Amino acid sequence: MTQTEIIDTLKSIVKPYVQNQQAFETLDEKTDFVKDLQINSANLVDIALDTEDAFGIEIDNESMQRMLTVEAALSIIEEKRAQK
Amino acid sequence: MNPQKKRVVITGIGICSPNGITIPEFLHSIQNGISGIRFDPQLEALGFSCQISGKPQIPESYILNYLTELEQRQFNSNGILYGLIAGLDAWKDAGLKPNDDVDFDSGVIFGTGTSGIDKFRESIYKIDDMQTRRLGSTSVIQTMASGISAYLGGKLGLGNIVTTNSSACTTGTEALLLAYDRIKSGKAKRILAGSTSDSGPYIWGGFDALKVCTYKYNHNPEAGSRPMSETASGFVPAAGSGAYVIEDLESALERGADIYAEILGGEVNSGGQRGQGSMTAPNPVAVQRCIRNAILDSGISAKDIDMVNGHLTATIKDGLEISNWAEALGRKGSDFPYINSLKSMVGHCLSGSGSVEIVASLLQIKHQFVFPNINCEDVHPEITALIDASKIPTQKIEMPVNIVAKASFGFGDVNGCVIFKKY
């Protein structure tokens with residue numbers, strides 16, 4: 001899986017929860033899920049669970065807690081995939 | 001203005017019933033005696049004694065009008081869906097829109113017996129399977145008792161009281177009276193009130209075990225719900241939701257809203273599970289007192305009542321209910337008002353029953369008719385000994401309907417009675 005494929009998958013996971021479509025269109029590594037995309041913070045757990053399913057990984061509590069930006073999500077996905 | 005003199009009216013209604021999920025469809029059904037009772041293969045597969053039920057028939061695509069695609073993800077709470085359909089439709093019917101900003105004058109009092117029992121079951125299986133972390137974000141909001149009022153309050157932006165009441169089969173009638181009291185006291189201008197019930201085996205199983213549901217009509221579902229009939233053999237389990245926008249008359253007139261009826265007054269009480277009352281049986285002293293006090297509160301006389309919409313579930317207690325009405329009203333034989341039971345068409349919607357039946361009562365006032373009792377060609381002799389059989393219509397009657405009394409009774413020996421008047 002290339003980095004672009006990972007980002008595309010992550011975008012498709014995040015999309016249904018996004019409340020600021022403009023920020024979603026210009027999404028990059030620095031994008032913050034809550035501040036920029038205005039995702040309801042309760043939905044962050046759904047995003048984490050969907051990410052687990054999509055990549056066949058398990059995201060521990062600490063990782064889930066810091067999974068607030070695209071950058072953090074990508075590094076967690078990378079780290080957990082490497083551990084598989 | 002003296003709050004004691006505030007008048008309270010109903011300006012919008014919504015329904016999600018086994019025989020109709022829109023007001024026009026429901027009106028057509030109750031005018032023509034159309035049953036919503038069907039054979040229930042799931043109850044058969046689970047070995048229930050009663051294998052018929054009344055469930056609102058909701059096309060998959062219709063749900064999108066009430067829940068976004070995102071909200072439908074992991075959604076598994078049919079009682080909340082029924083409540084949203086009835087509640088949001090009632091709000092719209094009242095000529096109101098979802099608020100962009102919070103509206104502190106409007107609230108929700110929307111009752112239920114349980115919430116999201118299917119979601120609860122799903123969650124319990126996950127927890128026992130060591131999957132708690134995979135419950136997702138909506139397990140709490142779907143299973144908390146106040147889930148339905150929280151969903152409605154959020155969708156409409158309501159900032160007055162937002163709560164859920166619960167008093168078994170009296171829930172919907174109680175919700176209306178709680179809203180009425182709050183508006184009458186001047187603490188709110190309008191309240192979306194109503195009640196809902198989940199459907200399915202996990203709600204109905206306990207009643208099947210209590211042997212209060214009929215098992216004799218599995219091959220003839222539409223004949224199964226037979227209130228007041230000699231061949232009644234228990235209620236048919238059902239579910240649904242009714243909703244009403246209760247409003248200060250002044251506010252309704254200011255908005256130029258259509259008015260379904262005025263709430264003249266009402267009463268809720270309990271028999272204390274004393275005397276003949278118990279957890280599951282009503283104390284007749286309390287039932288009669290509830291009806292009498294509702295009439296007193298309304299400032300009318302018992303002889304002014306044109307018709308009664310009873311609780312009448314099709315169990316052995318129907319005769320006792322008629323006797324309580326006859327005693328409380330002091331009217332017997334051919335002097336008794338017309339009486340009907342919606343349960344003959346939709347079954348017993350449990351915590352949703354009061355509200356579904358109140359919507360039917362309001363439609364009778366608005367359209368000036370008495371809906372027929374189906375499956376009641378053979379009125380129980382215990383009942384005809386008290387009131388004339390002609391007062392239990394089996395065909396629709398078109399007549400002036402000015403004042404209607406509606407009562408609901410529930411487990412826990414609780415009672416509620418409300419008096420409506422054509423405005």
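Below are my entries on the contact between the chains, the ring pairs and the charges over rings.

**Ground rules.** I am working with a predicted model, where local features need pLDDT of at least 70, side-chain atom pairs count only at pLDDT 80 or more, and totals for chains, interfaces and linings use all residues. Residues are numbered from 1 along each chain as its sequence is written, chains are lettered from A and ligands numbered from 1 in the order in which they are written, and side-chain values use heavy atoms, with hydrogens and water left out.

**Where the chains meet.** I looked up the contact (heavy atoms within 4.5 Å) and found 13 residues from chain A and seven residues from chain B in it. The buried area, meaning the accessible area (1.4 Å probe) lost by two parts on being put together, summed over both, is about 870 Å² for chain A and chain B, and carbon and sulfur atoms give 40% of it. On the chain A side, A:Pro16, A:Asp46 and A:Leu49 lose the most area to chain B, together 43% of what that side buries.

Helix H3 of chain A (residues 44-55) gives six residues, the largest share of the chain A side that touches chain B. Helices here are DSSP runs (H or I, at least four residues).

**Ring pairs.** B:Tyr62 and B:Tyr66 make a tilted pair, 5.5 Å centre to centre with 50° between the planes. Both B:Tyr62 and B:Tyr66 are buried, that is, under 20% relative accessible area with a 1.4 Å probe, protein chains only.

B:Phe75 and B:Tyr151 pair edge-to-face, at 6.2 Å and 80°. B:Phe75 sits in the loop between helix H3 (69-72) and helix H4 (78-93) of chain B, and B:Tyr151 in helix H7 (residues 147-156), so the pair ties together parts 76 residues apart in sequence. B:Phe75 and B:Tyr151 are both buried.

Ring pairs also link B:Phe207, B:Phe235 and B:Phe411 into a cluster.

**Charges over rings.** Last, I looked for NZ of Lys or CZ of Arg within 6 Å of a ring centre and within 35 degrees of the ring normal. A:Lys11 lies over the face of A:Phe24, 5.6 Å from the ring centre. B:Lys366 lies over the face of B:Tyr260, at 5.0 Å.

Conventions. Phe/Tyr/Trp six-rings, centres within 6.5 Å; stacked < 30°, edge-to-face > 60°. Buried < 20%, exposed > 50% of the residue type's maximum accessible area, 1.4 Å probe, protein only. Helix = DSSP H or I, 4+ residues; strand = E, 2+ residues; numbered from the N terminus.
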